[in-house]
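Subject: Structure handover: helix packing, cavity and pockets

Hello,

Here is the structure I promised to pass on. Please open it alongside this email, and my notes follow below.

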Amino acid sequence: MLATIRHEVTDTWTITKRNLIRYIRLPQLLFFSSVQPIMFLTLFNFVFGGAIGANGAAPGGKYINYLLPGILTQVMLFGAINAGIGLAEDMGKGIVDRFRSLPMSRAAVMSGRTFADTIRNLVVTIILLSVGSLYGFRFMNGFGNAILMILVMLSFGYAFSWISAFIGLTMADAETAQLAGFLLIFPLTFASAAFLPTATMPSWLQKFANNQPITYVANLARHLAVGTPLPAGTTLKLFLWITGILVVFVPLAVARYKKSV
């Protein structure tokens, strides 16, 4: 049993390093992954900042304090999509077939990919927090809660990357996997509390927005970062979402991988 666990961990770390080395050799991947959320942060802050900050909805009267946790939530989702795209590319190039011929764990191909994307998400998060600080963002709830916010974000991004991995293994190519991923995350991010309070939405949309995981992540991250009130049960509901996603999609992705190669 112990030998099996050691084998799984070693294989996962090997695949993780393989994907991280790719980012080092192709730094433009990390560059453009950082530019996109910076553009969102800049445009949303300076386009909507005056209206949201003026009506008292933003902590400290600054929309950036409300916005940045929401943008970070979006970053986790965009980062998670890369897991599916990367797996679809590897399948198309025959790299997955080479992995299959090796005496290695089947789950390591997916888990190594998702861990590598989580590390990349951490780097992008640090970059975005640095830019946000230039725009006036400040942590108002202590250093410990700031670290906890980042861990919550990364945990959700890691869980969501398994959904993306399943999509990537199901779609025919990387382009289709990317389109399918965007089709999933855009309604979730914009129909949530990521960018605006859900109270501003129509009542029928509020029911969806208030009961979906992106809103839970954004609200908890905002609470940890700047101390905004947290709706009752948010932490438990988010934990259940993360656990449920992993319980459902980890075995689904592994099973799909075995059938696809």
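Please keep in mind that this is a predicted model.

**H3 against H7**

Helix H3 covers residues 63–93, and helix H7 covers residues 174–190. Their axes come within 9 Å and cross at roughly 160°. Angles over 145 degrees count as roughly antiparallel, so H3 is roughly antiparallel to H7. The crossing of these two helices is right-handed.

Which residues of H3 and H7 make the contact? On the H3 side they are Gln-74, Leu-77, Phe-78, Ile-81, Gly-84, Ile-85, Ala-88 and Glu-89. H7 brings Ala-174, Ala-177, Gln-178, Gly-181, Phe-182, Ile-185, Phe-186, Thr-189 and Phe-190. Sorted by class, the contact of H3 with H7 holds 11 nonpolar, 5 polar and 1 charged residues.

**H6 against H7**

H7 also packs on H6, which spans 143–170. The axes of H6 and H7 come within 9 Å, and the crossing angle is roughly 145°. H6 passes H7 in a right-handed crossing.

From H6, the contact uses Phe-160, Ile-163, Ile-167 and Gly-168. From H7, it uses Ala-177, Ala-180, Leu-184, Ile-185 and Leu-188. The class count for the contact of H6 with H7 is 8 nonpolar, 1 polar and no charged residues.

**H5 against H6**

H5 runs over 107–134. H5 and H6 pack at an angle of about 135°, and their axes are 9 Å apart. That angle makes H5 oblique to H6. The crossing of H5 and H6 is right-handed.

The H5 residues in this contact are Ala-107, Met-110, Ser-111, Thr-114, Phe-115, Thr-118, Asn-121, Leu-122, Thr-125 and Leu-129. They meet Ile-150, Leu-154, Tyr-158, Ser-161, Trp-162, Ala-165 and Leu-169 in H6. By class, the contact of H5 with H6 has 11 nonpolar and 6 polar residues, with no charged ones.

**The cavity**

The largest share, 4 residues, comes from H7. The lining of the largest cavity divides into 6 nonpolar, 2 polar and no charged residues.

**The largest pocket**

The largest pocket has a volume of about 480 Å³. It is lined by 23 residues. Which of them lie nearest its centre? They are Leu-29, Ser-33, Phe-78, Asn-82 and Arg-120.

The elements giving two or more residues to this lining are H1 (2–25), H2 (27–54), H3, H5 and H7. H3 gives the most, with 9 residues. By class, the lining of the largest pocket has 11 nonpolar, 8 polar and 4 charged residues.

About 290 Å³ of space lies in the second largest pocket. Its lining is made of 16 residues. Ala-193, Asn-219, Arg-222, Pro-229 and Pro-231 lie nearest its centre.

Two or more lining residues come from each of H9 (213–226) and H10 (234–260). H9 provides the largest share, 4 residues. The lining of the second largest pocket has 8 nonpolar, 6 polar and 2 charged residues.

Best wishes

How values were computed. Residues numbered from 1 in each chain as written. Predicted model: local features only at pLDDT ≥ 70, side-chain atom pairs only at ≥ 80, totals over all residues. Heavy atoms only, no water. Axes fitted to C-alpha atoms, helices over the stretch in contact; angles between N-to-C directions. Parallel < 35°, antiparallel > 145°, perpendicular 65-115°, else oblique. Left-handed = near helix turned anticlockwise from the far one by under 90°. Contact = heavy atoms within 4.5 Å. Nonpolar A, V, L, I, M, F, W, Y, C, P; charged D, E, K, R; others polar. 1 Å grid on protein atoms, 1.4 Å probe; cavity = no way out; pocket = protein on both sides within 12 Å on 5 of 7 lines; lining within 4 Å. Points joined across faces, edges and corners; volume = space filled by probe spheres on them.
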